[in-house]
Amino acid sequence: MNLLDLIECPEDAILEGDAVEVMRRHVPDRRVDLIVTDPAYESLEKHRSKGTTTRLAQSAASSNRWFPIFRNARLPALLAEMYRVLVDDAHAYIMCDEETCAILRRLAPEAGFTVWKSLIWVKTRRTTSESGAATPHELAAAQVRIGMGYHWRNSTERILFLEKGKRPLADLSRPDVIFAPRVDRGYPTEKPAELVEPLILNSSSPGELVLDPFAGSGVVGEVARRLDRHWLLVDVDTTTASARLTRNADMGRPDGLGRGHRDASLGGDSD
Ligand SMILES: C[S@@+](CC[C@H](N)C(=O)[O-])C[C@H]1O[C@@H](n2cnc3c(N)ncnc32)[C@H](O)[C@@H]1O
């Protein structure tokens with residue numbers, strides 16, 4: 001038996017395995033204060049097959065091989081687990097495209113969630129210093145980075161905002177559009193820390209536990225740790241998240257003593 005099977009819900013840890021299975025086996029009811037996640041949703045395959053990055057297992061725009069897809073048929077089980085593990089008054093953010101957002105909007109209330117709205121991430125360049133823009137519109141256009149797709153290329157992504165019970169946002173004045181740079185040559189579909197940070201700040205407090213069951217590069221764990229939250233990451237392949245969290249273990253704390261993390265393979269892929 002894996003030693004971690006004996007631990008109910010490790011904190012500041014990365015668990016390897018299927019998102020739904022790991023939550024079922026290792027996360028008790030009402031244990032998590034916030035979920036920020038970005039599933040490997042099915043419609044991503046469409047963007048990949050039609051995009052300029054075309055049919056490659058290894059995209060030129062990213063450093064890793066593409067990951068396995070989480071089928072739409074499994075979304076009800078995922079939402080049910082997300083709802084179960086959250087404390088009574090909590091938020092969940094699911095990053096997705098328009099197509100998956102429509103599916104999640106329909107399914108999330110069946111799991112018990114209130115669907116509030118989708119926030120929009122506008123993918124920007126890191127710098128606009130050489131844009132030569134003369135008007136605000138030109139500047140905005142120069143800032144936007146195009147992404148996947150074969151026409152009207154994706155420059156935005158949705159973040160579905162769900163609520164279990166009732167939890168006030170920390171800052172009610174934040175807009176529902178977040179401008180944050182696209183990550184170049186990162187993990188496939190890697191999200192920037194600048195996108196994750198406002199979600200964590202607005203929906204959790206220091207010391208609370210943030211879960212990302214589709215961790216990818218591990219950015220949610222890294223930002224949570226920097227903001228002094230506890231974190232729990234899950235992915236079928238934890239290589240990249242593990243390397244990132246270990247590499248940056250001592251960063252982000254004034255005393256240079258970052259929280260370490262535990263790492264374990266739990267295997268399994270079902271449902
Ligand atoms: C869209 S990516 C997440 C990217 C991440 N937000 C980031 O910024 O790096 C989706 C992740 O889900 C993982 N994944 C796919 N199927 C999974 C499953 N059944 N359970 C857990 N993780 C899974 C993939 O390995 C991939 O890392």
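User: How do I read the packing of helix α3 against helix α4, and at what angle do their axes cross?

Analyst: Two packed helices are described by the angle between their axes and the distance between the axes. In this predicted model, the axes of α3, residues 75-85, and α4, residues 98-111, come within 9 Å and cross at roughly 50°. An angle of under 35 degrees would count as roughly parallel and one of 65 to 115 as roughly perpendicular, and α3 and α4 are therefore oblique to each other. The crossing of α3 and α4 is right-handed.

User: Which residues of α3 and α4 make the contact?

Analyst: On the α3 side the contact is made by Leu-75, Pro-76, Leu-79, Ala-80 and Tyr-83, while α4 contributes Ile-103, Leu-104, Leu-107, Ala-108, Glu-110 and Ala-111. Sorted by class, the contact of α3 with α4 has 10 nonpolar residues, no polar ones and 1 charged residue.

User: How are α1 and α3 placed, and is their crossing left-handed or right-handed?

Analyst: The axes of α1, residues 19-26, and α3 come within 9 Å and cross at roughly 30°, and because angles under 35 degrees count as roughly parallel, α1 is roughly parallel to α3. The crossing of these two helices, α1 and α3, is left-handed. Here Ala-19, Val-20, Met-23 and Arg-24 in α1 meet Ala-77, Leu-78, Glu-81 and Val-85 in α3, and the residues of this contact divide into 6 nonpolar, no polar and 2 charged.

User: What is the phi of Arg-30, and where is Arg-30 found?

Analyst: Most residues other than glycine have a negative phi. Arg-30, although it is not a glycine, has a positive phi of about 50°, and it is found in the loop between α1 and β2, the latter spanning 32-37. With 13 C-beta neighbours inside 10 Å, Arg-30 counts as partly exposed.

Phi of Arg-185 is likewise positive, near 55°, in a residue other than glycine, and Arg-185 lies in the loop between β6 (177-181) and α6 (193-203). Arg-185 is exposed, because 11 other C-beta atoms lie within 10 Å and the cut-off for exposed is 12 or fewer.

User: Which residues come nearest to the ligand, and how does the shell around the ligand divide by class?

Analyst: Of the 20 residues around the ligand, Asp-38, Phe-67, Phe-214, Gly-216 and Ser-217 come nearest. The shell around the ligand has 11 nonpolar, 3 polar and 6 charged residues.

User: How many helices and strands does the chain have, and what share of its residues count as buried?

Analyst: The chain has 8 helices and 9 strands, and 38% of its 271 residues count as buried.

Conventions:
Residues are numbered from 1 along each chain as its sequence is written. This is a predicted model: local features need pLDDT of at least 70, side-chain atom pairs count only at pLDDT 80 or more; totals for chains, interfaces and linings use all residues. A residue is near a molecule or strand if its C-beta atom, placed from the backbone, lies within 6 Å of it. Ala, Val, Leu, Ile, Met, Phe, Trp, Tyr, Cys and Pro count as nonpolar, Asp, Glu, Lys and Arg as charged, and the others, Gly among them, as polar. Axes are lines fitted to C-alpha atoms, for helices over the stretch in contact, and angles run from 0 to 180 degrees between N-to-C directions. Helices (H or I, at least four residues) and strands (E, at least two) are DSSP runs, numbered from the N terminus. Angles under 35 degrees count as roughly parallel, over 145 as roughly antiparallel, 65 to 115 as roughly perpendicular and the rest as oblique. A crossing is left-handed if the near helix is turned anticlockwise from the far one by less than a right angle, and right-handed if clockwise. Two residues are in contact if their C-beta atoms, placed from the backbone, lie within 7 Å. A residue is buried if 20 or more other C-beta atoms lie within 10 Å of its own, exposed if 12 or fewer, and partly exposed in between; C-beta atoms are placed from the backbone.
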